[in-house]
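Please keep the sequence and the structure in view while reading.

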Amino acid sequence: MIKPNRSRVESDGQTVEVLGTHFNINAYADENEIKTTLLQGSVRIKAGNKNYLLKPGEQSHLKNGDVNITQADMDEALAWKNGVFHFNDAGIESVMKQISRWYDVDVKYEGKIKERTFSGEISMNVNASQILDAMRFKKIHYTIEGKTITVRP
């Protein structure tokens with residue numbers, strides 16, 4: 001759960017303190033980590049009894065109470081703001097999570113889906129079936145019934 005106030009954003013296990021900045025937090029319940037990306041300015045992240053100061057272009061990854069700081073993929077971090085899906089060697093489950101969130105649909109899997117990766121950008125202004133059709137070149141098969149997308153081998 002995210003609890004914003006004037007200078008802090010609290011999400012499960014961490015507090016991000018705003019110190020005059022532009023940043024993005026990716027904190028979804030169905031993800032195994034929370035990502036905080038700093039665009040400009042600075043933020044202090046408190047996780048447990050430790051503090052971390054992010055520099056512009058850095059991203060923190062909170063997983064199981066541990067924080068790891070890396071250089072951010074800024075295109076990926078800003079994709080939603082720029083109105084695009086951005087994939088950089090993303091697996092099918094990662095792609096489908098983004099589609100599920102954006103289009104408010106459920107995703108099911110039938111059978112053993114061979115792992116494939118996807119790279120590139122596509123506008124969020126297209127409908128979900130257009131994105132899925134673009135994925136067919138990787139032999140992704142699907143059906144859409146109501147608000148459910150079923151991915152098959």
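This is a predicted model: local features need pLDDT of at least 70, side-chain atom pairs count only at pLDDT 80 or more; totals for chains, interfaces and linings use all residues.

K97 has a relative accessible area of 24%, so this residue is partly exposed.

**Salt bridges**

- K97 and E31 are joined through their side chains in a salt bridge, with 3.8 Å from N to O.
- E31 is found in the loop between strand 4 (22-26) and strand 5 (34-40), whereas K97 is found in helix 2, so their pairing ties together parts that are 66 residues apart in sequence.
- E31 has a relative accessibility of 29% and therefore counts as partly exposed, since that class lies between the limits of 20% and 50%.
- A salt bridge also connects the side chains of E76 and K35, at 3.5 Å from N to O.
- Because E76 belongs to helix 1 (residues 74-78) and K35 to strand 5, this pair ties together parts that are 41 residues apart in sequence.
- E76 is partly exposed, with a relative accessible area of 34%, and K35 counts as partly exposed at 22% relative accessibility.
- In the salt bridge between R136 and D133, the closest N and O atoms are 3.3 Å apart.
- R136 counts as partly exposed at 41% relative accessibility, and D133 counts as partly exposed at 39%.
- One network, made of salt bridges that share partners, joins D30, E31, K97 and R101.
- The count of salt bridges in the model comes to seven.

**Aromatic rings**

- The structure holds two aromatic pairs.
- F85 and F87 form a stacked pair, with 6.1 Å centre to centre and 5° between the planes.
- Both F85 and F87 are buried.
- F85 also pairs with Y103: the ring centres are 6.1 Å apart and the planes are at 35°, so this pair is tilted.
- F85 lies in strand 10 (residues 84-91) and Y103 lies in helix 2 (residues 92-103), so the pair ties together parts that are 18 residues apart in sequence.
- The relative accessible area of F85 is 1%, so F85 is buried; Y103, at 18% relative accessibility, counts as buried, because the limit for this class is under 20%.
- Through these ring pairs, F85, F87 and Y103 are linked into a cluster.

**Charges over rings**

- R101 places its charged end over the ring of Y28, at 3.6 Å from the ring centre.
- K138 lies over the face of F118, and its distance from the ring centre is 5.7 Å.

- Q59 is located in strand 8 (residues 58-63).
- With a relative accessibility of 9%, Q59 counts as buried.
- The side chain of Q59 makes a polar contact with the side chain of T37, at 2.7 Å.
- The side chain of Q59 makes a polar contact with the side chain of H61 as well, at 3.2 Å.
- Leaving aside residues up to four places away in sequence, Q59 touches K35, T36, T37, L54, N68, I69, T70 and A72.
- K35, one of the residues that Q59 touches, is also the salt-bridge partner of E76.

Key. Residues are numbered from 1 along each chain as its sequence is written. Side-chain values use heavy atoms; hydrogens and water are left out. Rings of Phe, Tyr and Trp (its six-membered ring) pair if their centres lie within 6.5 Å; planes under 30 degrees apart count as stacked, over 60 as edge-to-face and the rest as tilted. Buried means under 20% relative accessible area, exposed over 50%, partly exposed in between (1.4 Å probe, protein chains only). Helices (H or I, at least four residues) and strands (E, at least two) are DSSP runs, numbered from the N terminus. A charge sits over a ring if NZ of Lys or CZ of Arg is within 6 Å of the ring centre and within 35 degrees of the ring normal. A salt bridge is a side-chain nitrogen of Lys or Arg within 4 Å of a carboxyl oxygen of Asp or Glu. A polar contact is a pair of N or O atoms within 3.5 Å; within protein, one must be able to donate a hydrogen and the other to accept it, and residues adjacent in sequence count only if both atoms are side-chain atoms. Contact means heavy atoms within 4.5 Å.
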